[in-house]
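Thanks, everyone. I have a few minutes on one part of a model, so please bring up the sequence and the structure.

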Amino acid sequence: MQVSFDPRWAPADLIAQAATLGQETVVEVSGGVELRPAEMRNAEMGTGDVEVQGTALKILSLADAPAIPVALGKSEKLASEELRLKHRHLDLRRADLQANLILRHKLQQVTRRFLDSRGFLELETPILSKPAPSGARDYIVPSRIHSGEFYALPQSPQLYKQLLMVSGFDRYFQIARCFRDEDLRADRQPEFTQIDIEASFVGAEDIMSLTEDMFGPLFKEAGFEIEPKYARMTYADAMESYGIDRPDLRYGLTLFDAREIFDGSDFTVTSSVLGSGGRVRGIRIPGGAALSRKQVDEVEAIAKTGGAGGLLRLKRSPTGLEGPAAKFLSDASKERLALNEGDLCLLVAGSETVTSTSLDRVRQDVAQRLGIIPEKKLAFLWVTDFPLFAKDENGVLTSVHHPFTSPHPDDLELLESAPEEVRALAYDVVLNGTELGGGSIRIHDSMVQARVFKALGINDEMARARFGFLLDALKSGAPPHGGIAIGFDRLAMMLSGAPSLRDVIAFPKTTTARSLFDDAPSPLSAEELRDLHIEVKRK
């Protein structure tokens with residue numbers, strides 16, 4: 001609201017005082033609300049047709065010159081993100097950040113109303129919990145009272161919500177705070193919020209249907225109308241056709257197996273890979289021959305970040321098939337390649353992992369270059385039938401999701417003989433290539449849980465030490481149960497159109513897990529460390 005002080009209605013000393021005010025100073029003003037003269041009205045302001053003609057002024061809080069711009073004009077640029085995070089209390093005065101946090105609040109309320117209407121209880125689980133080694137590192141909290149013992153901040157409420165199911169609370173939810181001490185990316189924070197849901201006597205279809213029903217009003221709150229049901233795809237099909245378990249379905253450019261095209265050819269690059277058990281896979285790009293050599297070289301550099309040694313290039317010109325491998329292909333193989341004039345084919349020879357990772361990155365990069373991604377389209381997808389186990393870089397069997405995920409009942413006999421072939425009753429919900437959340441049906445049979453632990457190299461003694469409370473609960477009559485966790489920060493980011501998670505979190509951390517506005521983490525004094533029975537040894 002504009003306030004004016006004019007000799008016609010304000011004394012000279014009041015006008016002089018008003019002239020001393022700096023930006024962001026907090027004042028209390030009395031006066032009459034009047035229409036502005038027609039030539040002074042501001043259509044860009046909600047109150048641009050009126051002003052307060054001040055007759056009294058009281059300064060409530062003087063403000064220093066702001067360290068960063070707050071009310072940005074059209075020509076003003078944002079300060080650097082580091083500076084804005086340092087002065088977050090000022091940055092949060094910006095209209096766009098305020099709108100993001102208001103939307104976040106509304107999404108939380110929609111979530112609560114929806115789940116309450118479906119009979120779910122909002123139940124809180126502990127923040128100080130038991131350390132439990134898993135895929136990501138725990139944040140550890142030392143106990144002052146119990147010398148040498150530690151709590152952990154929860155990576156998720158997983159075990160507690162399973163205990164609630166055993167306790168007879170058949171429908172639970174929580175807008176839960178979670179913590180993971182892992183390497184950060186633009187879309188990750190060390191502390192984050194998730195919509196955590198668990199229910200008893202359900203199957204995967206029940207949880208997926210509930211999630212679809214919940215997303216309808218959530219997206220409507222942000223102004224989107226979405227389809228009530230989503231596409232389905234198995235993990236195996238996603239990896240084979242897209243090279244990734246969270247494919248963006250807004251455009252085509254699917255991967256294909258080129259073994260039959262290169263089988264029997266004398267082209268050394270492909271024959272050596274196929275002979276050693278590798279694969280040749282590619283992407284057909286309609287109209288891709290229009291990309292310049294320099295552009296394709298840039299795409300090749302992207303492929304190499306996924307482990308590819310390079311890209312095999314074939315294109316159909318008016319004179320025929322062109323590319324280093326073309327002369328090694330029979331006429332039948334050239335036909336099987338199925339390229340029309342002006343099309344480009346990019347191929348990678350290598351292992352399953354290398355071809356998947358490289359071609360996924362190629363697919364995304366080419367789609368951006370060709371401008372074929374419909375930005376306003378929302379393509380939801382359920383990815384199902386994930387593997388229960390995978391081997392890490394050291395060849396050790398690990399859980400793809402977590403060790404409490406139920407094996408597919410048809411694969412139970414493979415737990416000991418072929419654990420890597422066991423499918424999980426797990427499901428992820430994906431939007432435009434971004435994973436919004438994931439869940440599973442849990443193990444409710446203590447004998448099955450013991451078999452899964454054994455497959456992971458967790459013997460009875462280790463299992464008892466780490467998860468004894470859960471094992472005891474499973475032996476006390478546990479109902480079949482399952483659930484899902486939705487990344488709430490990520491959901492708010494996508495629905496607000498914000499470019500970063502930090503733009504939908506009031507006080508976020510940097511990509512180095514630092515809090516610039518309050519300078520955390522910070523060292524403790526020797527006395528404080530002594531109280532916690534901790535000694536710090538500097539490197």
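Predicted model: local features only at pLDDT ≥ 70, side-chain atom pairs only at ≥ 80, totals over all residues.

Start with helix 12, residues 352-370. How far apart are its end C-alpha atoms? The distance is 27 Å, and at 1.5 Å a residue the 19 residues should span 27 Å, so the two values agree.

Now the burial. An α-helix has 3.6 residues a turn, so residues three or four places apart point the same way. In helix 12 the buried residues are Thr355, Ser356, Ser358, Leu359, Asp360, Val362, Arg363, Asp365, Val366 and Ala367. Note that Asp360, Arg363 and Asp365 are among them.

What covers those buried residues? The cover includes helix 7 (235-242), helix 10 (293-304), strand 10 (255-257), strand 11 (279-285) and strand 14 (344-350).

Strand 14 is the one I want to look at next. Of its 7 residues, 7 are buried. In a regular strand the side chains alternate between the two faces of the sheet. Here both faces are covered: Leu344, Leu346, Val348 and Gly350 lie on one side, with Cys345, Leu347 and Ala349 on the other.

As for its neighbours, strand 14 pairs with strand 11 in the antiparallel sense over 7 bridges, and Leu346 is the bridge partner of Ile283. Strand 14 also pairs with strand 12, residues 312-317, again antiparallel, over 4 bridges. There, Leu344 stands opposite Lys315.

That is what I have; questions are welcome.

Note on methods:
Residues numbered from 1 in each chain as written. Heavy atoms only, no water. Helix = DSSP H or I, 4+ residues; strand = E, 2+ residues; numbered from the N terminus. Expected span 1.5 Å × (residues − 1). Buried < 20%, exposed > 50% of the residue type's maximum accessible area, 1.4 Å probe, protein only. Contact = heavy atoms within 4.5 Å. Pairing = 2+ DSSP bridges.
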